[in-house]
Amino acid sequence: MKAHRIMAGLLTGLVLLALWQRMGQAPASAWARLAWDGFLFGLPLILGGFLLAGARWALMAGIIYGTVGLALDISTLVQALSQAETQTDLSGTLMVSSLTGLLNFLLILFGGRGFLDVTSVGKSTQSEGRTV
């Protein structure tokens with residue numbers, strides 16, 4: 001259950017960073033905004049709710065979300081560094097992508113550790129009177 005709480009906290013951190021990053025952006029089209037809002041705010045909040053409820057499958061869903069997010073962060077970093085002479089706010093992009101990349105990596109790390117930890121699942125079912 002400890003991994004569930006840690007992952008919910010990491011997802012909350014990702015939502016807060018996305019909200020902070022959103023402050024200075026120009027509005028995109030309605031469909032693009034809806035898709036990004038769903039990915040950056042909707043999915044982490046829903047996953048966090050399932051994690052706090054103790055759903056074991058939400059650990060794997062969090063790992064998948066963190067993997068996709070880490071891939072997006074790495075591609076953003078590579079693009080920002082390759083086009084450094086044309087971009088005006090390079091330090092802000094590097095800072096936010098590095099922080100979200102770290103949180104996504106920790107999401108993968110703690111999610112994998114929690115998902116593969118079957119001893120805690122066995123102990124919780126034994127305490128309820130059932131054996132696995």
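Predicted model: local features only at pLDDT ≥ 70, side-chain atom pairs only at ≥ 80, totals over all residues.
How much space lies in the largest pocket? About 540 Å³.

**Stop 1: helix α1.** Select residues 2–22, which form helix α1. At 1.5 Å a residue, its 21 residues should span 30 Å, and the end C-alpha atoms are 30 Å apart, so the two values agree. Now colour the buried residues of this helix, among them Ala-3, Met-7, Leu-10, Leu-11, Leu-14, Ala-18 and Arg-22. An α-helix has 3.6 residues a turn, so residues three or four places apart point the same way.

**Stop 2: the cover.** Next, show α2 (30–52), α3 (57–82) and α4 (90–116). These helices are included in what covers the buried residues of α1.

**Stop 3: the core.** Select Leu-11, Leu-14, Leu-51, Tyr-65 and Leu-107, the residues with the most contacts inside the largest nonpolar core, which has 16 residues. Each of α1, α2, α3 and α4 supplies at least two residues of this core, and the largest share, seven residues, comes from α1. In soluble globular proteins, nonpolar side chains tend to be buried together.

Zoom in on Leu-107. Leaving aside residues up to four places away in sequence, Leu-107 touches Met-7, Leu-10, Leu-11, Leu-14, Gly-62, Ile-63, Tyr-65 and Gly-66.

**Stop 4: the pocket.** Select Ala-18, Gln-21, Trp-36, Leu-40 and Asp-73. Of the 23 residues that line the largest pocket, these lie nearest its centre. α1, α2, α3 and α4 each supply at least two residues of the lining. Coloured by class, the lining shows twelve nonpolar, eight polar and three charged residues.

Conventions
Residues numbered from 1 in each chain as written. Heavy atoms only, no water. Helix = DSSP H or I, 4+ residues; strand = E, 2+ residues; numbered from the N terminus. Expected span 1.5 Å × (residues − 1). Buried < 20%, exposed > 50% of the residue type's maximum accessible area, 1.4 Å probe, protein only. Contact = heavy atoms within 4.5 Å. Core = buried A, V, L, I, M, F, W, Y, C linked by side-chain atoms within 4.5 Å. 1 Å grid on protein atoms, 1.4 Å probe; cavity = no way out; pocket = protein on both sides within 12 Å on 5 of 7 lines; lining within 4 Å. Points joined across faces, edges and corners; volume = space filled by probe spheres on them. Nonpolar A, V, L, I, M, F, W, Y, C, P; charged D, E, K, R; others polar.
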